[in-house]
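Subject: Structure handover

Hi,

Here is the structure I promised to pass on.

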Amino acid sequence: MENLFPRRHRASLVLDLLLLAFCVTIIALSAGLDSRAKLFPVLVGWFTVALIVIDIVAQSDTGFGRAVFTFFSGSAEAEDREVEARKEARSIVHAIVWISIFVVAVWLFGFLPVIPVYMFISMRVFGNNSTLRSLITTAVIMLIIWAFFEYALDYTLYRGLVAELIAD
Amino acid sequence: MRKLLTAAAMPLAIALAYAPAAQAFPDKNIKFLIPYGPGGGFDVTVRKLAPLMENILAAQGKKIQVVPTNMPGGSGRKAASYLAKARPDGHTIMIFNMPGHGLGVITGKKVGYDFEKFTILGRVGHGTYVVVTAKKSGLKSIKDIMALKRPIKVPDQGPGSTARMASLIVWETLGVKAEHIGGYKSSTDYATAVLRGDGDLTLLAAGSAARYNARGDYNIVAHFSPKPRFEGAVNGKMLGHPDLEKVTLDRIVAGPPKMKPEVTKAVSDLLLKAASDKSYIDWAEKTGNPADPLDAAGAKKEIDEGFKFFAKFKDVIARSK
Amino acid sequence: MIDQQALAAALGQLVSLSALKFLLIGTIIGLVFGVIPGLGGTTAIALLTPITFAMEKYDAIILMAGIMASTPTSGAVTAILINTPGTAPNAATCLDGYPMAKQGKAGLAIGASSMASGIGGLLGIAFLIAVIPVTREIVLLFKPPEFFLLAVLGLVSVAVSTQDRLLRGLIVGGFGLLVSFIGYESVTGEVRYDFGIEYLWDGLKLVPAMIGLFAIAEMINLWAKGGSIVEDPSKQRIDFRQVLAGCWAPFKHWGTTLRGSAIGTLIGALPGVGGTVAAFLAYTVAIGVSKDPQSFGKGNIVGVIAPESANNAKEGGSLVPTLAFGIPGSAEMAVFLGVLVLHGLAPGPTIVIEHMDIIWTLILALTVAGALASIITLGSARWLAKLTLIDSRTLVPVVIAFALIGSYSLNNEILDVFVSLGFGILGFVFMRLGFPRLTLPIALVLGQIMETSYLQSLRIGDGTLKIFVTSWPSRILIFCILLSIFLPALKYLYNSLRSCPQQAKG
């Protein structure tokens with residue numbers, strides 16, 4: 001394993017295996033379905049499984065693997081984009097966590113209170129903006145959102161789980 | 001971290017500020033659920049009724065909004081399961097497609113909600129069915145259809161749809177072997193499918209049939225109504241099956257299970273008054289789906305009778321795919 | 001069949017001051033909705049429906065037409081600036097538009113896309129008027145077997161557009177198809193692969209998924225990278241001359257513009273598949289006939305012109321089924337027909353017989369609004385392009401807020417927001433590991449159509465596959481499918497044959 005798949009292909013390999021697991025799950029779940037309802041899913045499922053297996057082979061550090069890679073991509077150069085420094089991984093995790101926090105906060109408290117708080121923190125704490133600049137930008141954006149959706153369109157933006165619970 | 005905590009506390013305070021206390025009906029906006037996306041017949045019916053309901057409430061000095069809310073999904077099931085869990089205070093009501101939404105009651109299939117537990121509030125639309133064939137198909141009457149040596153093909157929206165149920169009952173009763181082709185998006189879609197020869201015939205709401213046939217592309221061979229309206233169209237009685245007149249399509253409004261009688265009455269009265277408004281009746285007539293409003297008790301009676309009739313076809317409906 | 005009285009009545013409606021006011025308002029609303037990822041014409045019309053209730057019938061129609069004509073124009077702007085298509089058909093514009101923005105040529109790209117949109121829209125309507133007498137025949141030609149083949153053609157053309165990453169493009173496409181199979185299957189009525197979750201009955205919806213795949217994924221990337229979208233801000237030249245040069249491009253590449261518009265109107269006339277397939281097909285054809293196919297995907301302006309002209313031309317095309325049978329040719333059109341019903345007009349085929357004046361009002365309003373949208377977009381292009389210079393710490397929260405509002409408001413469903421997040425992370429991973437994301441949304445659009453029409457075809461044809469080759473439209477489609485699969489190989493062969501004797505000479 002250590003030698004078969006070069007380090008730069010590890011991440012792709014994991015993704016391939018996850019996709020493979022998804023295909024296999026769909027195929028397995030099809031067992032109990034009406035013959036017509038499973039016709040396409042099973043067909044596409046096996047087709048995709050085959051493609052994923054080819055992709056996995058193409059990433060192995062074997063003569064055959066390299067040949068497959070060249071055949072499909074039309075060039076012998078390996079994709080280098082995934083060879084990125086480890087320090088970048090930290091900023092990626094940071095980005096994903098920070099955006100996930102926003103989604104969860106919206107789910108709990110709704111759009112209107114969360115957006116300004118999130119914007120302000122993003123600009124002031126994580127960015128290099130002055131407090132005044134952050135406040136003004138946040139206020140302008142909130143005014144646009146409120147005026148456009150709530151005022152002009154008379155549309156109720158999601159109010160959040162907490163508000164719903166309190167209302168009950 | 002402290003910054004984050006302070007930030008988190010702020011929205012909580014705002015949320016607390018809008019906590020209302022539940023009182024009698026109506027004390028807040030009414031959510032009128034539509035189990036389909038915007039643009040369809042059920043959607044526009046609710047959008048037509050909502051302002052009329054608001055006007056009636058305004059005349060009583062109550063400034064309440066009736067908010068049509070589209071909740072499409074699972075061919076109408078999603079909104080129904082949502083309603084089943086909503087608070088029974090009259091502020092959440094929904095328009096139902098009958099008998100399609102009664103599939104669970106009729107076949108015993110699991111659909112995610114129990115229709116019989118809902119609080120029926122009234123009827124706001126009532127339609128009958130016609131059978132149409134393409135003129136170029138040469139099928140001019142039910143007799144022609146029955147004389148076919150092969151199963152007929154019927155394009156429609158799919159299993160569980162109101163038109164599918166109606167079609168199954170009609171052809172089962174008449175002893176015609178029918179093969180349904182599901183998956184069409186709307187009645188316009190399968191009416192066109194008949195025209196281009198995807199199938200032999202289909203069932204359409206009588207109110208809209210005249211419009212579809214404005215160019216004379218179709219033969220209207222049957223109209224299941226005590227008073228058939230189309231020339232050359234037979235009804236169930238003429239075919240020796242008067243029961244077929246019970247195959248109708250209704251727009252029923254219902255609320256969550258366990259609504260209090262006084263709330264039920266208040267909502268039902270409001271609805272009936274709105275649906276009896278001349279502008280609504282005229283509009284419904286013009287767009288081809290007569291209003292024929294009924295109050296809660298009347299609607300409940302109709303629905304129960306319908307279920308009794310449909311139950312006879314339980315197996316046919318459950319088997320259909 | 002052109003009813004001059006109706007046309008005159010429509011013209012009369014349109015030149016009044018109040019009509020022009022509503023046209024302008026509609027166009028501006030449409031532009032705003034188009035720019036916000038996830039929000040498109042459908043949401044705009046649905047949200048505005050209660051307001052139109054109180055309006056005059058013609059004013060309402062004009063307002064809606066303004067929206068319909070302008071969303072695809074501004075939907076391209078976000079595709080170019082932040083790699084996020086405003087609507088599914090704009091997805092193809094990302095391929096070359098975003099690389100241009102990164103190189104600091106956003107103004108050029110916006111100029112080209114707006115002009116191509118405007119021309120495409122006009123040509124589409126011209127085509128529509130030309131085919132009015134035969135609309136019914138056109139619509140009746142396409143039965144489920146033809147729809148199936150068309151969906152296959154769409155998928156193939158998208159796969160081909162991924163060029164040297166074909167294998168992974170196909171894997172992502174297969175994954176997308178499997179995802180599209182989740183939930184209710186309308187032919188058999190079976191609910192599949194729902195993992196016991198009620199939310200999944202209706203499947204994973206396209207718009208939240210697209211918002212995730214593009215907007216969220218791009219924002220994760222930008223936040224992690226820091227800085228602004230333009231890689232080297234010193235290269236950025238935002239001046240009006242650049243925008244003007246962009247405007248001129250669709251004329252310079254007039255062949256591409258014409259081809260794109262023709263593909264757009266023809267394919268746009270088919271309900272359901274329309275715009276997305278049209279845009280990608282136009283893109284693939286542009287690569288196919290190009291002398292320098294390697295330059296696509298790296299910021300070739302032709303790669304912006306082709307899909308955008310097709311995308312707007314489809315608006316005219318999508319009126320064909322509406323005119324013929326009252327079948328909505330697009331999601332926007334479906335909601336629009338609903339608005340007409342609210343105003344007491346019965347939907348269905350009679351609309352053209354009884355209300356041709358309304359159709360003409362719509363056609364004229366679409367024409368004027370399309371041109372207006374292009375002009376407004378061009379006028380603000382310089383200003384819009386500055387978005388690419390904004391620091392990520394400011395841009396990311398704003399884009400995310402608007403994107404997730406868009407995701408939520410389509411169905412008033414908070415779980416859609418979580419779906420966007422999930423697809424956002426997935427999209428980011430795809431992007432980083434060299435899996436082309438574009439095939440996923442297209443598979444989501446086409447998966448259901450493909451499956452439904454296939455199963456319907458089998459029923460209609462009593463289970464035989466012969467039904468797929470019996471009509472001449474289906475034979476043409478099969479030919480096109482084979483052509484798009486083998487076009488790259490054929491071109492390669494042709495080029496090497498041609499270069500051989502030259503080498504021999506040299």
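This is a predicted model: local features need pLDDT of at least 70, side-chain atom pairs count only at pLDDT 80 or more; totals for chains, interfaces and linings use all residues.

Residues are numbered from 1 along each chain as its sequence is written, chains are lettered from A and ligands numbered from 1 in the order in which they are written, and side-chain values use heavy atoms, with hydrogens and water left out.

**Chain C with chain A**
Here 61 residues of chain C are in contact with 68 residues of chain A (heavy atoms within 4.5 Å). Together the two chains bury about 6000 Å², 79% of it on carbon and sulfur atoms; buried area is the accessible area (1.4 Å probe) lost by two parts on being put together, summed over both. There are two salt bridges between these chains (a side-chain nitrogen of Lys or Arg within 4 Å of a carboxyl oxygen of Asp or Glu). C:Arg168 forms a salt bridge with A:Asp55, with the closest N and O atoms 3.1 Å apart.

**Chain C with chain B**
This contact takes 45 residues from chain C and 43 residues from chain B. The area buried is about 3900 Å², and carbon and sulfur atoms give 58% of that. Three salt bridges are found across this interface. B:Lys153 forms a salt bridge with C:Asp462, and their closest N and O atoms are 3.1 Å apart.

Best wishes
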